[in-house]
Protein chains: 2
Amino acid sequence: MEKSALQICRSAYSPKLPKGLRGGVSIKEGEPTQSVGNQEEIKALFPNTYGMPLVEFVPGDSKEKAEPINMGVILSGGQAPGGHNVICGLFDELKRINPASRLYGFLMGPGGLVDHKYIEITSEIVDEYRNTGGFDMIGSGRTKLEEKEQFEKGLLIIRELGINAIVIIGGDDSNTNACVLAEYYAAHNYGVQVIGCPKTIDGDLKNDQIETSFGFDTACKTYAEVIGNIQRDANSARKYWHFIKLMGRSASHIALECALQCQPNICIVSEEVEAKNMTLDDIVTYISDIVAKRAANGNNFGTVLIPEGLIEFIPAMKHLIAELNDLLATAEAAEHEGAAQRAWILSKLSAENAAIYESLPEGVAHQLTMERDPHGNVQVSLIETEKLLSEMVAVKLATWAQEGKFAGKFAAQHHFFGYEGRCAAPSNYDADYCYALGTSAAELVANGKTGYMAIVKNTTAPAEEWIAGGVPITMMMNMERRHGKMKPVIRKALVDLEGAPFKTFAAHREAWAEQTAFVYPGPIQYWGPAEVCDRCTMTLALEQAK
Amino acid sequence: MEKSALQICRSAYSPKLPKGLRGGVSIKEGEPTQSVGNQEEIKALFPNTYGMPLVEFVPGDSKEKAEPINMGVILSGGQAPGGHNVICGLFDELKRINPASRLYGFLMGPGGLVDHKYIEITSEIVDEYRNTGGFDMIGSGRTKLEEKEQFEKGLLIIRELGINAIVIIGGDDSNTNACVLAEYYAAHNYGVQVIGCPKTIDGDLKNDQIETSFGFDTACKTYAEVIGNIQRDANSARKYWHFIKLMGRSASHIALECALQCQPNICIVSEEVEAKNMTLDDIVTYISDIVAKRAANGNNFGTVLIPEGLIEFIPAMKHLIAELNDLLATAEAAEHEGAAQRAWILSKLSAENAAIYESLPEGVAHQLTMERDPHGNVQVSLIETEKLLSEMVAVKLATWAQEGKFAGKFAAQHHFFGYEGRCAAPSNYDADYCYALGTSAAELVANGKTGYMAIVKNTTAPAEEWIAGGVPITMMMNMERRHGKMKPVIRKALVDLEGAPFKTFAAHREAWAEQTAFVYPGPIQYWGPAEVCDRCTMTLALEQAK
């Protein structure tokens with residue numbers, strides 16, 4: 001692997017560890033825990049892994065004579081900056097506990113366990129990947145570990161390699177599945193522990209126990225860098241409105257964090273759109289109003305941040321999509337193609353949905369009916385929301401211009417940022433946080449725990465004051481309907497409209513809309529003043545300041 | 001202006017100056033010069049500014065008793081990182097020469113001079129913008145200074161403010177116009193000097209005298225950062241081909257530099273496409289071949305870099321567009337709209353062009369005929385080349401799959417990077433280079449020069465060894481046909497297929513195509529090891545190493 005100058009120099013960085021994880025480690029156990037909801041059901045489903053205590057690691061005796069541990073590690077789902085450092089933390093701690101310990105990496109995600117694809121992770125490999133972005137050390141994948149057959153197939157390779165524990169690095173679903181696997185292996189007395197690690201750039205895996213998921217920090221800073229650059233361009237050229245869609249699945253955490261960092265003119269928050277039962281036209285009107293107000297002040301430019309999940313949070317769009325899914329599944333649908341299809345659809349839709357369908361730009365309407373997933377459903381993720389909104393704003397402003405209500409100019413540029421940030425080299429925060437998570441996960445295993453997620457708290461303080469430990473995964477669970485069935489799952493954290501990050505944004509957005517209050521965060525720095533290199537996200541700082 | 005932590009800390013950076021510009025400055029003049037072509041015509045057009053010597057600044061006596069200088073500065077054309085530092089260099093040197101000197105900034109580009117829109121640039125303003133990206137200090141614009149009426153209108157405000165000299169910061173056209181203005185003011189004995197500065201992220205303003213235009217370094221590094229991140233994602237998820245279009249107008253310098261930094265699987269170079277008379281199908285086949293080869297090795301992922309000017313370098317596309325422009329200008333064209341238009345166009349085009357038109361994805365063909373500029377011409381820049389190519393590759397691979405020649409998977413993601421880099425905070429290279437250019441420009445004025453461009457050479461060496469000076473703009477000129485007329489212009493530098501950057505790329509591209517040799521440059525660093533923070537572009541290093 002040919003390395004860039006940055007990568008070579010950055011590999012020498014030593015992640016800062018919490019006091020409790022430097023050298024000898026002792027475990028401090030709390031009281032038994034309860035799940036956040038549906039206690040009876042969760043307890044019944046997880047008899048072996050329910051009610052366990054929270055644990056915390058504190059400085060303790062050296063465990064030089066501990067037994068070696070063989071461990072398997074799995075990266076699950078979308079990439080997030082810092083994944084390699086979790087593995088480095090695991091590796092270093094296992095070797096510290098006993099140099100004869102071994103770490104295996106299952107390849108291309110959970111499927112690697114089932115299909116027995118793995119490598120042994122050696123010190124040479126680990127040293128190649130310290131403080132790097134990406135999941136390319138062992139790859140990732142989206143296979144869901146849910147079935148007993150998978151668990152049993154996995155067990156064969158676990159036995160063959162003499163593995164004591166599996167660490168699954170993933171999002172809410174992957175960690176739910178890690179707990180199911182932990183329960184299964186415990187129920188069968190297989191003697192295999194399972195530990196989870198909270199990963200996702202989307203920021204939606206957090207709760208009273210988990211301050212943040214790793215990767216959110218680096219990804220947001222990378223997006224904020226380019227958004228800031230675009231804003232500076234907008235403010236220099238003064239002729240474009242930039243519509244910027246941001247990854248983040250259902251949750252708007254990324255868009256909100258970028259808004260807090262960059263102070264754009266507009267940021268749409270899906271959770272608010274749903275709570276206020278806003279229509280697509282409401283959103284378009286909201287944007288158009290701000291465009292018109294700025295134009296009245298001579299500012300024919302600006303920025304709009306849009307969370308990728310927006311469409312599905314607009315109740316009226318949800319209804320339209322549901323009706324379209326049903327309609328297009330009928331035998332009659334196949335008889336109407338091309339231009340004739342549009343007329344047929346309009347004749348069949350309910351009046352309300354027909355009106356919305358008709359209001360959509362033709363290209364988008366076409367996309368809604370053409371591109372369907374293997375189940376025949378409309379593929380909402382393919383809709384270029386950034387273009388949809390800017391086109392509809394242009395139409396509305398043209399009407400307003402005719403009515404004498406808008407005398408400015410409106411020209412748009414479009415951007416979608418996602419892949420740009422998922423594999424960035426981790427910020428100091430993520431490099432440190434992930435290394436501590438990995439170290440913590442190794443210690444949870446060394447202390448005989450299973451069904452836990454590794455956690456690190458107090459991360460707005462300097463790293464040495466961080467508190468590492470573990471939380472029983474069942475503690476974060478409740479029952480939710482998924483695909484028509486009630487299932488035990490970790491509660492997904494959408495943006496809390498009563499939380500400090502949203503409230504801070506809401507308190508400033510009017511000023512940011514009319515004024516040009518852009519902030520330019522610049523690229524992530526790995527060397528230099530601590531106030532530049534070591535700051536956490538504004539979301540985290542605001543949440544923890546409460 | 002609310003500032004980010006990075007911006008606050010970075011403002012304290014002191015750009016490194018060449019030895020010749022630290023403190024007292026003496027001027028060293030060379031022999032008379034000739035234009036690079038059409039000497040007689042250029043000499044006749046520029047009788048007052050032709051044949052002047054190259055000049056170089058060397059350490060010299062302090063000029064504490066020099067007269068104050070009043071200067072106007074103009075930012076012209078697209079944003080480029082470092083523009084503010086040129087102004088800072090101008091300001092500091094003017095004040096060093098005599099604290100009573102004044103600097104005026106004309107607003108929103110050359111139009112500010114004509115329309116008398118300006119501000120006085122004070123030390124408070126300069127200090128707000130040190131080492132920042134963007135042109136927002138005074139704005140930029142695309143008004144061309146070409147007409148005598150403009151020159152005379154400008155003179156009114158020049159006289160009113162007692163301005164001795166104008167500095168125009170711009171690309172090849174703006175510097176050509178700066179020379180025309182210098183000649184005009186000289187010919188009329190107005191006593192107003194005009195100096196140019198080489199700006200453009202596109203990298204196409206360079207020659208024997210100009211090593212690089214400012215902004216190219218920072219913009220390329222910003223694009224390389226996100227391309228590297230995308231490549232790491234591609235190599236982790238192993239399921240997408242990323243088609244990445246890059247700004248750069250006609251020239252492919254940006255794409256080539258990013259290729260040298262990131263080692264993608266494919267980089268198209270427009271200049272090579274033209275030289276080899278490649279068709280669109282040739283390019284699609286070239287890409288498809290590599291996709292198929294990688295798929296045969298189990299690698300259903302990769303990256304393709306595409307320069308934004310590509311379409312106009314494909315001779316066959318040029319012919320098609322020319323015929324379309326003529327065809328759509330006919331009265332008959334208006335009679336055919338929507339689906340009928342396509343059939344009509346196909347019936348009218350020459351057989352050769354009809355075949356190409358028919359081979360285009362429908363969306364692109366539609367775009368070619370729908371979106372036209374105010375002159376009725378096809379707007380090539382609106383064509384999403386990255387999607388055009390990936391759609392055509394998908395079609396070809398589907399055919400190959402039927403023929404048993406392709407058994408892999410092909411899924412694409414699309415990106416276009418431009419606005420992300422034009423206003424990034426300047427790298428150390430650009431911060432230093434621009435500050436030296438500004439200082440140099442001030443010294444050219446102080447030494448009575450006009451019709452010169454400020455230059456800094458030897459910039460692959462440490463900054464103190466850089467050589468600052470000036471080059472007569474006429475020296476870089478030749479006659480070229482523009483809009484049907486022969487005009488004196490600075491030769492635009494496209495990618496030289498015999499130059500070291502292209503040859504280095506060409507020598508490695510086969511290996512990069514089949515292997516996964518991605519390099520991940522990471523974000524620009526402002527603090528840290530010199531090998532990370534102070535390196536120049538690979539293009540420059542390779543060109544200067546010859």
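## Two copies and the contact between them

In this predicted model, chain B is superposed on chain A by a rotation of 180° with 0.0 Å of shift along the axis, at an RMSD of 0.1 Å. The two copies are therefore related as by a two-fold rotation axis. Both copies use the same surface: 100% of the contact residues of chain B recur in chain A.

### The interface

How many residues does the contact take from each chain? Chain B gives 61 residues and chain A gives 61 residues. The size of an interface is often given as the accessible area lost when the parts come together. Here, chain B and chain A bury about 4,500 Å² between them, and 54% of that area lies on carbon and sulfur atoms. Of the area that chain B buries against chain A, B:Arg232, B:Tyr419 and B:Glu420 supply 16%, more than any other three residues.

Polar and charged pairs also span the contact. Between chain B and chain A there are 26 residue pairs in polar contact, counting pairs with both residues at pLDDT 80 or more. The count of salt bridges between the two chains is six. One salt bridge joins the side chains of A:Arg422 and B:Asp233, with a distance of 2.8 Å from N to O.

Which elements of chain B give two or more residues to the side that touches chain A? They are helix 1 (5-10), helix 8 (216-237), strand 11 (412-417) and helix 19 (530-533). Helix 8 of chain B gives the most to this side, with ten residues.

### Cysteines

The count of disulfides over all chains is zero. A disulfide is a covalent bond between the sulfur atoms of two cysteines. Two cysteines can be looked at in turn, one from each chain.

A:Cys88 is in no disulfide, and the nearest cysteine sulfur, in A:Cys434, is 10.0 Å away. A:Cys88 counts as buried because its relative accessibility is 1%, under the 20% cut-off.

B:Cys258 has 0% relative accessibility and so counts as buried.

| A:Cys88 | A:Cys434, 10.0 Å | 1% |

Technical notes
Residues are numbered from 1 along each chain as its sequence is written. Chains are lettered from A and ligands numbered from 1 in the order in which they are written. This is a predicted model: local features need pLDDT of at least 70, side-chain atom pairs count only at pLDDT 80 or more; totals for chains, interfaces and linings use all residues. Side-chain values use heavy atoms; hydrogens and water are left out. A disulfide is a pair of cysteine sulfur atoms within 2.5 Å. Buried means under 20% relative accessible area, exposed over 50%, partly exposed in between (1.4 Å probe, protein chains only). Copies are superposed by least squares on the C-alpha atoms of residues with pLDDT of at least 70 in both. Contact means heavy atoms within 4.5 Å. Buried area is the accessible area (1.4 Å probe) that two parts lose on being put together, summed over both. A salt bridge is a side-chain nitrogen of Lys or Arg within 4 Å of a carboxyl oxygen of Asp or Glu. A polar contact is a pair of N or O atoms within 3.5 Å; within protein, one must be able to donate a hydrogen and the other to accept it, and residues adjacent in sequence count only if both atoms are side-chain atoms. Helices (H or I, at least four residues) and strands (E, at least two) are DSSP runs, numbered from the N terminus.
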